[in-house]
Amino acid sequence: MDKWILEFIDLTFTYPGEKQPALRDLSLKVPKGKKCVLMGHNGCGKSTLFLHANGLLRPNHGRVLWKGKTLKYNRRCLSEIRQQIGLVFQDPEQQLVAATVEEDLSYGLYNQGLCDEEVKRRVEQALIDFGLEELAAKPLHHLSLGQKKWVSLAGVMALKPSLLILDEPTAYLDPFQTNQFREEMERIEQAGTTILMATHDIDWVLSWADWVFVMHRGQIVLEGEPAEVFGEKELLVQLKLGVPLLVELWDLFPQALRQGKKIPRNVQEFYEWLVKNKIEQKQGF
Amino acid sequence: MTSLERLTYTNRLRGLPAKQKGLFALGMLGLTFFTHVPVQMMIFIWMGIWIVVYARIPIPFYLKMTGMISLFLLMSLPMLVVHVVPLDEQSLVQDDSMGGWAIGDWFLYLSEQGLEQGGTVFVRSLAAVSCLLFLVLTTPFAEIMQLLRKIGCPTMITEILLVMYRFIFSFWMSAEQQWIAIQARGGERRFRSMGFLIANLFQKTLIRYRQLSLGLAARGFTGEIRVYQRPSKPVSKRYLLESMMGVLVLLVLDWYLRGS
């Protein structure tokens with residue numbers, strides 16, 4: 001029971017006025033304390049699924065379990081679960097509320113019922129963590145899209161949620177911010193936060209994730225450790241998802257060499273494998 | 001719209017606490033209500049100095065703003081200045097009339113008293129406007145909001161203002177982006193493009209509204225938008241001194257005018 005933090009069981013959901021369901025008998029279990037990634041091409045229902053996690057949408061069939069308990073759609077339960085699940089939308093405009101950066105960071109904190117002192121402390125900490133000190137008093141509409149995204153991330157992470165759901169978090173970030181974001185992810189993960197993220201950055205998924213879900217047309221079609229999932233190259237290509245560069249490279253080596261080995265997850269692992277097989281390589285090619 | 005917003009963040013008086021600026025503006029506004037015309041003119045000039053010299057608001061920008069407002073004021077003046085009486089009562093208003101025309105059974109004339117009244121109203125309005133412009137041009141909206149919260153303005157009003165403020169800019173940006181997109185994709189017929197733009201904007205606004213309510217809820221909306229209040233900045237003694245001296249001078253002058 002403790003193993004799963006969030007479970008979706010047989011969810012079916014159709015948007016009002018649409019014929020095709022966005023989710024079709026979908027089941028997905030998010031393991032506690034793990035770094036999970038949800039992959040799938042645009043429009044396959046990832047965002048819709050995320051909106052079910054904290055009760056923003058209510059399924060037509062099926063149920064949602066939070067820490068083993070069925071989610072109830074009354075005001076108290078919803079407000080409780082929304083404080084524990086941090087949801088970062090793809091479009092930052094959607095969740096920025098206040099007039100300036102620091103005011104916006106404080107909005108979620110006040111919703112948690114914290115006192116002024118604590119809010120002040122946490123806002124200042126978030127400003128430092130995300131390098132936003134200089135922008136603190138700036139109005140939100142003076143920021144670039146990437147900066148807004150960064151602020152929306154900071155606003156959610158300042159809440160210290162036990163599950164963090166991110167919808168394409170690196171979509172508008174520049175390379176520097178992307179790097180900063182990954183470092184921040186490490187820190188959050190070490191603090192024991194479970195992460196569920198939708199992303200198209202497959203190279204990073206391979207090196208970072210503990211568990212990968214692949215979604216297609218409102219259903220989960222594949223799940224497992226990254227090395228396993230990316231082993232299913234044909235299926236992934238068929239789903240128009242592609243595979244990481246390392247997997248492509250890996251596949252170029254003779255079958256005999258790869259037999260029984262896991263796909264290396266990053267350049268370092270790949271390099272080590274190469275060094276270890278140096279002689280065999282010469283023989284193989 | 002956006003340039004006004006930008007000025008509130010870049011002007012030289014940004015560092016002054018909103019409280020000081022707000023109190024000063026309100027105090028001056030109060031003065032305009034009971035003082036005489038010459039004092040009101042001085043208020044207008046003095047506030048102009050605050051805005052243009054101290055805050056360094058570009059003169060053309062300030063002139064454009066006051067010019068636009070004056071235009072509206074002038075448009076309402078004919079109501080006060082032009083009087084109409086039945087033709088047979090023309091002799092009764094002989095003293096007041098500065099010239100007029102008979103139209104049918106009616107006599108239309110320029111009233112001397114009306115002109116005086118119009119002048120008084122115009123000067124007073126302009127002086128009052130300059131006081132408010134001072135606050136609006138030098139203080140960022142976020143700080144005005146904080147001031148409103150501090151003085152106990154109902155949360156209902158501050159929240160509506162806040163959401164409107166966010167919406168105005170996201171609306172403005174959507175409009176701008178859409179317009180550029182239409183132009184870039186060859187929408188030469190201005191009139192038709194405009195209709196297209198408006199229809200699209202309406203749709204977009206609805207979507208944005210729905211998204212924002214989702215966003216609010218996802219962040220644990222509890223029925224109230226509460227945000228962090230920045231500690232107020234220290235009051236500037238130099239400006240405090242000038243404002244107090246100025247008010248004193250104006251009061252003395254007005255008292256003197258009353259006597260004469």
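Interface. I looked up the area first: chain A and chain B bury about 3200 Å² between them, 57% of it on carbon and sulfur atoms, where buried area is the accessible area (1.4 Å probe) that two parts lose on being put together, summed over both.

The model is predicted, so I kept its limits in view: local features need pLDDT of at least 70, side-chain atom pairs count only at pLDDT 80 or more, and totals for chains, interfaces and linings use all residues. Residues are numbered from 1 along each chain as its sequence is written, chains are lettered from A and ligands numbered from 1 in the order in which they are written, and side-chain values use heavy atoms, with hydrogens and water left out.

With contact taken as heavy atoms within 4.5 Å, I found 34 residues of chain A in contact with 31 residues of chain B.

Salt bridges. The rule (a side-chain nitrogen of Lys or Arg within 4 Å of a carboxyl oxygen of Asp or Glu) finds 4 across the interface of chain A and chain B. I looked up the one between B:R166 and A:E93, whose closest N and O atoms are 3.2 Å apart.

Aromatic rings. I used rings of Phe, Tyr and Trp (its six-membered ring) with centres within 6.5 Å, planes under 30 degrees apart being stacked, over 60 edge-to-face and the rest tilted, and the count comes to 19 aromatic pairs over all chains. A:F130 and A:W150 are edge-to-face, 5.1 Å centre to centre with 65° between the planes.
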